[in-house]
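Okay, thanks for coming, everyone. Let me put the model on the screen, and then I'll walk you through a few spots in it.

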Amino acid sequence: MITGERMAAVDENAAALGVSQKQLMESSGNAVARAVREVAEPDSSVAVVAGRGNNGGDAFVAVRFLEKYDVTTLLLGRADRIGTDIARENWTALQNAGYDTQEVTDSSEFDLPDCDVVVDAMLGTGISGDLREPAATAAEAINAADATVVAVDVPSGFDADGGEVADNAVEADRVVTFHDTKPGLAELEAELAVADIGIPAAAERDVGPGDISLARPDGREGRPYVIGGGPYTGAPALASQAALRAGAELAFVAAPESVAGEIQGYAEDLIVQPYENEILTPDVAEDLLETAEEYDNVVVIGPGLGTDDETLEATRGFLSSYSGTAVVDADALEVVPEIETDATLVCTPNRGELARMGGPDTDDLAAVADEIESFAAELGHLVLAKGENDVITDGERTRVSRSGTVGMKVGGTGDTLAGIVAALLEGAEPMDAAAAGAQVNGLAGERLAERHEHGYLASELLGELPAVLWGGDDE
Ligand SMILES: NC(=O)C1=CN([C@@H]2O[C@H](COP(=O)(O)OP(=O)(O)OC[C@H]3O[C@@H](n4cnc5c(N)ncnc54)[C@H](O)[C@@H]3O)[C@@H](O)[C@H]2O)[C@H](O)CC1
Ligand SMILES: [K+]
């Protein structure tokens, strides 16, 4: 099962692996033609009703595989308004090759020919809400027609993310969906076929550009709250700055007053909130818990906290009572296996921390991804295990992020990762935020390594994050 928006991410990953959208469209269209042949008689007439997106594009491909039938293709809208190159190229091929096509620019012009089969290629996973004109009029005519209706990917008007069906949606007899079923499809009356369209497994398993598109904040959102510092001051400063660079609106740091000034000194952009103590104690943790619950923040707990018994007790208490989302990093990780909590925890252990938590003890994390998945299932929380390749798993789904370079084995890169994940968690599901966060942190390192193989600093990753997340002119 995959949602429409995650399907788009997988498509983007496939393209990055070298399997282009146009190749996928050719496979999709071929699958649609196969379904039509299954319901059509040799002399059947077929009406293709196509939208201006890639859903329509799939049907333009299908037409080339239905030469034996009497096929008419109706495009809802003007050809020069077709929304993607690959759909337009397939429309133009039909024009050049003399296929029977019509542009319907106004609902009143829409006249569904008498036919045995209708291919519903108006809207797929790119839609939102009830059908707008002329799709609405077309859907009404399709539903009223005495023909077998074959829907491309999903019936037009079906929401592939949540499974809702628009009131004026097409009622299909058959649905040919691509790669994997979508939420709610199996509940429809229609006969469902899931067509393999040649997407490599790596496009789903390995984290890629599609995952960054999916988790990228569109604008400033979120106010991560970093609870760190004590013996160390660099870690919380790096984590909170990384959160700002990855899209957070504000970044708070709660730290002992003895080091708060030092942390503030790293960056005026941070909002450092000192607490009276040399270290994090249980009663301080209770105050911070109140603040965290009040502001509905994503919390990052651990960077620079140290392993003093009282601090660990405080961390145990905080995480047991907290009910929001927390990135747990560094020394705070050791309390996670010991506690019960309603919080959503995203644990970011390195190889040693993973082993100490009870996970597999090996350098090659990708090779033991299944074991890490079982460990996360048992732990009951999401694990982002950091290594040369990072393994991200919630105990059911497991991804591998292969970005990064050997030069990133330098102090602080785990802190920037924690901050990036916290920022992405403000607007994305935990698995998506953790996978994209791991990928983004690594890509920032790759950008630095293009200039010098070694010798760069975790603090230099910060300046690379906006380009990795939002692109922009590279110097
Ligand atoms: N891996 C795969 O699954 C592949 C799927 N393919 C096909 O691509 C479509 C998604 O295409 P996309 O261009 O994103 O959007 P759509 O074609 O679904 O529709 C967008 C189109 O419709 C207009 N629109 C949006 N909302 C409405 C509305 N409520 N009423 C009327 N019109 C609406 C919008 O303006 C756009 O023009 C997927 O379903 C598959 O069929 C790829 O071809 C190959 C890989
Ligand atoms: K459709």
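So, a question to start: in which sense do β1 and strand β2 pair, and over how many bridges? They pair in the parallel sense, over six bridges; pairing here means that DSSP finds at least two bridges between two strands. For the labels, helices (H or I, at least four residues) and strands (E, at least two) are DSSP runs, numbered from the N terminus.

Some housekeeping before I go on. This is a predicted model, where local features need pLDDT of at least 70 and side-chain atom pairs count only at pLDDT 80 or more, while totals for chains, interfaces and linings use all residues. Residues are numbered from 1 along each chain as its sequence is written, chains are lettered from A and ligands numbered from 1 in the order in which they are written, and side-chain values use heavy atoms, with hydrogens and water left out.

How confident is the predictor? The protein averages a pLDDT of 95, and 99% of the residues score at least 70; pLDDT is the predictor's confidence in each residue, from 0 to 100. For the complex we get an ipTM of 0.89 and a pTM of 0.92.

Back to β1, residues 45-50. Six of its six residues are buried, meaning under 20% relative accessible area, with exposed being over 50% and partly exposed in between (1.4 Å probe, protein chains only). In a regular strand the side chains alternate between the two faces of the sheet. Here Ser45, Ala47 and Val49 point one way, and Val46, Val48 and Ala50 the other way.

β1 also pairs with strand β4 (residues 117-121), in the parallel sense, over five bridges. Take Val48: its bridge partner in β2 is Thr73, and in β4 it is Val119. Between β1 and β2 you'll find helix α3, residues 54-64, and the three make a right-handed β-α-β unit. Right-handed means that, with the strands pointing away from the viewer, the path from the first strand over the helix to the second runs clockwise.

Now the potassium ion, ligand 2. Its protein donors are Asn55 (OD1), Asp120 (O), Leu123 (O), Val152 (O) and Val154 (O), lying 2.6 to 3.0 Å from it. Asp120 sits in strand β4 and Val154 in the loop between β5 (148-152) and β6 (174-178), so the pair ties together parts that are 34 residues apart in sequence. One caveat: donors are N, O and S atoms within 2.8 Å of the metal (3.2 Å for Na, K and Ca), and water is not among the atoms, so sites may look incomplete.

At 0% relative accessibility, Asp120 counts as buried. Beyond its neighbours within four places in sequence, its contacts (heavy atoms within 4.5 Å) include Val49, Asn55 and Ser156. An unreviewed UniProt entry has a "binding site" annotation on Asn55, Asp120 and Ser156. They spread over 102 residues of sequence but cluster in space, with a largest C-alpha distance of 9.3 Å. UniProt positions are in the numbering used here, feature names are shortened, and annotations may be inferred rather than shown by experiment.

Glu133 and Pro134 are joined by a cis peptide bond, omega about 0°, with Pro134 in the loop between β4 and α5 (135-144). His179, not a glycine, has a positive phi of about 75°, and Ala330 has one near 55°.
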